[in-house]
Amino acid sequence: MNFHLQNSQHNSVTKKKVFVVFVVLTIVLFGTNYLTRGSVADVVRTPVRAIFSINTIVDSLIASVQQTFARTTTLQKNQEKLKERIAELELYALNNLVLVAENEELRALLGEENTVLDTGTLANVLSRGGMYPYGTLIISRGVDTQYSVGSLVFGRGDILIGKIEEIGNTYATVRLVSAPTEKTTVLVGAGERLTELTVQGIGNGNMVAEVARDADIKSGDPVMLASRETVILGTVQDIETKSIDAFQRIRVRTPINLHTVRFVRVR
Amino acid sequence: MKCLQAFLVGIFISGVIGGLWWLMLVAGLFTILVRRSYFILSIGVILDLWFSYNGIPGFYTGFFLVITILVEYFRKHLFWTS
């Protein structure tokens, strides 16, 4: 008369076996991925393009519905503002071209070997947001594209967002400068106020650093990579000072929206 | 309970597609609290393979496995259910 008890005990043992099998399979999968240097991850990333294209399709559908319901006057005002902004950006782009030409000329005069500025390779961003806690993006890689581990990755406006960490057959993994625990040596400020320090990523495009209290750093100061080239990471957003501390805590933020970035440049 | 689990799995999938890691963790946690879910565990494994850069077992796999083990332990010892 103990059929029910026997049946529930049998079910419990079966469930435990299934769970143990699952854990063993997971360990084997990760072990195989590690030993084959990411080949399993490469296969898993194959549907990335299809799945994340759903996000893009949904975004565009929502945008089209919003546009349908927006009032005409609001649209007209937005259009005017956009036209003004385009005119400003056209001037900015023209200035940029002039500066690039001047940069090349100056480098040639100084006898630099590489006088041609390398603009890099364009890549699609396949997964955005830098999923916590890894702080990575997956970008596409063409068959003929020569990426190398450590190549710098830039977003809009030549803002540095990360570097190549891993290369697969058709994908590359970018580790963001704002990835949690990622440390980067940077220069903050300009001219005589230039200060070298190390920022640590805390995720979602944010970085923090501690610097001596007497360091001359202001909110809005540009933050650049400590390298030969002028590479901008972001700007100082906030400075926190406590009277009892000998240090001040600065927060740096990248101007790139990591949740909406679609294209990057690798060089 | 099945409807609740289905609802929570739906929120979990929305979190995955939208890149909302906190929503994924919360929805996954509550799904496992309701009932053991190999779907959630598998998605955690896939996300770690997807986003990690050196293949080492990661955050989501560990989190969901630990939650599953803890929930099953307390469910068995406190509520005498398997």
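How many helices and strands are there in chain A?

1. Chain A has four helices and 12 strands. Here helices (H or I, at least four residues) and strands (E, at least two) are DSSP runs, numbered from the N terminus. Keep in mind that this is a predicted model, where local features need pLDDT of at least 70, side-chain atom pairs count only at pLDDT 80 or more, and totals for chains, interfaces and linings use all residues. Residues are numbered from 1 along each chain as its sequence is written, while chains are lettered from A and ligands numbered from 1 in the order in which they are written.

2. In chain A, 22% of the 267 residues count as buried. A residue is buried if 20 or more other C-beta atoms lie within 10 Å of its own, exposed if 12 or fewer, and partly exposed in between, with C-beta atoms placed from the backbone.

3. Now look at helix 3 of chain B, residues 38-51. Its 14 residues should span 20 Å at 1.5 Å a residue, and the end C-alpha atoms agree, being 20 Å apart. That expected span is 1.5 Å times one less than the number of residues. The helix is mostly covered, with 10 of its 14 residues buried, including I40(B), W50(B) and F51(B).

4. Two loops deserve a look. Most residues other than glycine have a negative phi. T181(A), though not a glycine, has a positive phi of about 70°; it sits in the loop between strand 5 (171-176) and strand 6 (183-188) of chain A. T181(A) counts as exposed because it has 10 C-beta neighbours inside 10 Å.

5. N204(A), also a residue other than glycine, has a positive phi near 60°. You'll find N204(A) between strand 7 (195-203) and strand 8 (206-212) of chain A, in the loop. With 18 C-beta neighbours inside 10 Å, N204(A) is partly exposed.
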